[in-house]
Amino acid sequence: MEETDREAVATAVQRVAGMLQRPDQLDKVEQYRRREARKKASVEARLKAAIQSQLDGVRTGLSQLHNALNDVKDIQQSLIDVNKDWRQSINTIENLKDVKDAVVQHSQLAAAVENLKNIFSVPEIVRETHDLIERGELLQAHRKLMDLECSRDNLMYEQYRMDSKNTHDMNLIHTYFGDMQKLSEELAKQLWMVVQRSLVTVRRDPTLLVSVVRIIEREEKIDRRMLDRKKQTGFIPPGRPKKWKEKMFNILERTVSTRIEGTQADTRESDKMWLVRHLEIIRKYVLDDLLVAKTLLDQCFPPHYDIFNRLLNMYHQALATRMQELAAEDLEANEIVSLLTWVLNTYTSAEMMGNSELSPEVDVNSLDALISQNVVDQLLNKYMSTLTSNIIGWLRKALETDKKDWIKETEPEADQDGYYQTTLPAIVFQMFEQNLQVAAQINEDLKTKVLILCLQQMNSFLTRYKDEAQLYKEDHLRNRQYPQCYVQYMIAVINNCQTFKESIISLKRKYLKSDMEDTLSISHANMDATLDIIAKEGCSSLLDEVFMDLEPHLNELMTKKWLMGSNAVGTICVTVEDYFNDFAKIKKPYKKTMTLEAHRRVVVEYIRAIMLKRISFKNAEERKEGAERMIKEAEQFRFLFKKLAAGSGEDTEGLCDIIEAIAEVIKLTDPSLLYLEVSTLVSKYPDIRDDHIAALLTVRGDASRDMKQTIIETLDQGPSQPNPNYVPIFKEIVVPTLTVPKLLK
């Protein structure tokens, strides 16, 4: 107590010190005192109230304990009185035993008398019941059967009560009513036949089905009553409980399973479309059955049977079992697609479980999967593996078929715009399209995987296509007369490249999500590059064909015969134009590229003819005549290629300017200005080498060795500022090396 007082004083001192820290707070001492006094009074009041409440509670508790003690004493006295009365009544109870036995015997005799009529008429009732069952009057038959069972059960129960160990009398009663069990089985057989055909019966004769359900309900009530009596007495009649309701659902379940399994009418050997037919029949049967169950069957059963949902679950389980069996078979690729499409899409679609007439009882979102995701993944992996092999085989076969067309003696077909083509791109992309459409029926992921697979195989296929086109060219070079339509089919190969490009873009745009574009960008770029190589090599091989025919005419250039009036350039132009009549059937942009390349190669060959130094002009007159001829022929080339490049928007005149520039050097009459003219030529075309200048001066025929040496050395020292747009051409032209030393001697 002293310790508490000290703590209270210390706390009070601390609070006062906290309140009086500044001099101006002394003025509020009285105010602080009154506030603390109020707080103290409040606390004391609460304490008094709490103590008073506790005291009242203790007082009440003591009062209740006192009352309870008095009640216990009263009860104790009552028990003593009851015990005394019970002991006095024992003798009286023993005297009533005879009365009790008489009551039991009277009860048994009363039951026997009551059932006596039924007992004597059992054979007759059995016959009547049998006739009723055969006539299909099931309710009346069941009523009589119930009467027989009631008589038997009552007799057996009374016998059980009198002497439960007397099996002889029990067997005697059971034997006497033995035919009744056969009647029960016969009636049950009729019921199960109706239940098996319930979906048909409910349309033709719903009252028959209702009768069956009423009979089953009666038996369920009897089963429950007998089970309750067994709990009380330990007795239950033979054959109980029948559990006909449970048997009915088991039969319905077996019927549903049999109906699902029985829809397979064909095998793979008899019909390639066996699985599609099988699944379609299942779809139709299940939808029809569920619609009947919802609209008609549900009305024939009590609500607590929940018959529609039970049937729905039965069909779902039967379908799941059947789909798992099908998935376990060795299915082909198209069969895997049919199965997965049906399981993943058709089953929940408006054509089946999602049908509006089944709503809202059927919620497709709450239905479990017919096959597990693991099985789905296995089937998809098998499908992708099989599809990969099939695509490789299809592409190989398509290429082999296309190669056979290449050696035909008839020209390839042309499209609506007149461009040569073969059927290869159409066949390949039709195959891709079909497989993508099939994959899209399953899900988006598979569609994307199939597209990636198709483009990957396309990449490999184009490499083989390039190799085959090269072999085609090499075979032709060994015998240029074979195949007869080589040019036309090479044009078709080039055009196919553009068709392939357009088809790849179309395929990606149609089947590839925009967010997956980056995934295939590298593959697409590789395919484009390969196609450009195939087209470029095809164009090059066609130009090789042209220039092999032009070779004798090119060899006439810059010779004495040429100077005397040879029509080599005219023949070259006519030949090129003739070839380009066929080349007009090449698609853009390859046609434009080929025109430019032909122009460039013609100019290169012409300049090469100059650099070969087949002629050396003897005088100024020959130089003038030769230069004017070169200018005229350059104009011929310019006109030809301008005509061939019409509509392309390309400048085709620049290359021919080189020929004219060389002609100006040859045409120059004042040798003192030769250096200036050559330097102008070099400034325009900076890839000209010393050997080119030496060859050009040799063709002029009037430049001495020292002059050649001086011009070449001076040009080497001069600055060179090439045109940034200039495409080198002289670097492709090789001057015979043996002639250079002779020129410089």
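Here are a few questions and answers about this predicted model.

Local features here need pLDDT of at least 70 and side-chain atom pairs pLDDT 80 or more, while totals for chains, interfaces and linings use all residues. Residues are numbered from 1 along each chain as its sequence is written, and side-chain values use heavy atoms, leaving out hydrogens and water.

Reader: How many helices and strands does the protein chain have?
Author: Helices (H or I, at least four residues) and strands (E, at least two) are DSSP runs, numbered from the N terminus. On that count, the protein chain comes to 27 helices and 0 strands.

Reader: Is Arg 283 buried or exposed?
Author: Arg 283 sits in helix 11, residues 274-300. Buried means under 20% relative accessible area, exposed over 50%, and partly exposed in between (1.4 Å probe, protein chains only). Arg 283 has 14% relative accessibility, so the label is buried.

Reader: Which residues is Arg 283 in contact with, leaving aside its neighbours within four places in sequence?
Author: Contact means heavy atoms within 4.5 Å. Going by that, the list for Arg 283, with those sequence neighbours left out, is Trp 342, Thr 346, Glu 351 and Met 352.

Reader: How are helix 12 and helix 13 arranged, roughly parallel or roughly antiparallel?
Author: Axes are lines fitted to C-alpha atoms, for helices over the stretch in contact, with angles from 0 to 180 degrees between N-to-C directions. The axes of helix 12 (residues 307-328) and helix 13 (residues 333-346) come within 11 Å and cross at roughly 155 degrees. Angles under 35 degrees count as roughly parallel, over 145 as roughly antiparallel, 65 to 115 as roughly perpendicular and the rest as oblique. So helix 12 and helix 13 are roughly antiparallel.
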